[in-house]
Amino acid sequence: MSLTKGTQTLNLTGLRFDASLGVLEHEKTAPQPILVDAELNMGSQPLLPKDDDLMHVLDYRRVRAIIIEECTAQHINLLETMIGKLCNRLMDLPGVQGVRVRIAKLEIFDDCEVAIHMETGQW
């Protein structure tokens with residue numbers, strides 16, 4: 001018996017860039033580094049994409065661009081707000097059934113990073 005479908009997950013890990021995020025005065029005047037990991041549940045997918053063509057899959061360049069765009073579009077006070085907005089944007093992508101996102105503020109404390117993980121949709 002030959003299988004034709006499987007459950008697919010798209011992962012982007014370790015995406016690091018600067019974002020304007022936070023309620024402290026120094027956070028409002030200068031961007032700070034954040035780290036974003038995203039996992040997208042694509043559900044049941046063919047084991048082989050139709051015609052080996054990018055048009056038949058979710059382009060991960062688009063996912064990366066949306067993450068950066070959503071997190072840098074404007075100053076956001078709360079990490080909770082940023083992650084919720086990002087989850088909404090990623091859930092709107094075609095074929096996405098569930099999203100797991102982790103955003104870490106890397107330099108808020110000298111001795112640790114602070115991160116929030118949000119999961120939504122079907123898993």
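Helices (H or I, at least four residues) and strands (E, at least two) are DSSP runs, numbered from the N terminus. The model is a predicted one: local features need pLDDT of at least 70, side-chain atom pairs count only at pLDDT 80 or more, and totals for chains, interfaces and linings use all residues. Residues are numbered from 1 along each chain as its sequence is written, and side-chain values use heavy atoms, with hydrogens and water left out.

The protein contains three helices and four strands. Along the sequence these elements follow the pattern β-α-β-α-α-β-β. The C-alpha atoms fill a box of roughly 60 × 25 × 20 Å, taken along the principal axes. Of the 123 residues, 35% are buried (under 20% relative accessible area; exposed is over 50%, partly exposed in between; 1.4 Å probe, protein chains only). The exposed surface comes to about 7,700 Å², and carbon and sulfur atoms supply 51% of it. Accessible areas come from the Shrake-Rupley method with a 1.4 Å probe; for residues, only the protein chains shown count as cover. Contacts (heavy atoms within 4.5 Å) were also sorted by sequence separation. Among those between residues at least 6 apart in sequence, 64% join residues at least 24 apart.

Leucine 35 lies in strand S2. Beyond its neighbours within four places in sequence, leucine 35 contacts Gly14, Leu15 and Arg16, and also Arg102, Ile103, Ala104 and Leu106.

Lysine 105 belongs to strand S3 (residues 98-105). With 10% relative accessibility, lysine 105 counts as buried. Its side chain makes a polar contact with the side chain of glutamate 27, at 2.8 Å. A polar contact is a pair of N or O atoms within 3.5 Å; within protein, one must be able to donate a hydrogen and the other to accept it, and residues adjacent in sequence count only if both atoms are side-chain atoms. Outside the four places on either side in sequence, the contacts of lysine 105 include Leu21, Gly22, Glu27, Gln32, Pro33 and Ile34. Leu79, Glu113 and Val114 are also among them.

Histidine 56 occupies the loop between strand S2 (32-46) and helix H2 (60-72). This residue is partly exposed, with a relative accessible area of 35%. Apart from neighbours within four places in sequence, histidine 56 is in contact with Lys50 and Asp51. The C-alpha atoms of histidine 56 and glycine 84 are 28 residues apart along the chain and separated by 28 Å.

The search of the whole structure finds zero disulfides (pairs of cysteine sulfur atoms within 2.5 Å). The sulfur of cysteine 71 has its closest cysteine sulfur in cysteine 87, 9.8 Å away, which is too far for a bond. Cysteine 112 is likewise in no disulfide; its nearest cysteine sulfur, that of cysteine 71, is 20 Å away. Cysteine 71 is buried, at 0% relative accessible area, whereas cysteine 112 is partly exposed, at 37%.

The charged end of arginine 100 sits over the ring of tryptophan 123, 3.7 Å from its centre. This assignment requires NZ of Lys or CZ of Arg within 6 Å of the ring centre and within 35 degrees of the ring normal. The structure holds zero aromatic pairs. Rings of Phe, Tyr and Trp (its six-membered ring) pair if their centres lie within 6.5 Å; planes under 30 degrees apart count as stacked, over 60 as edge-to-face and the rest as tilted.
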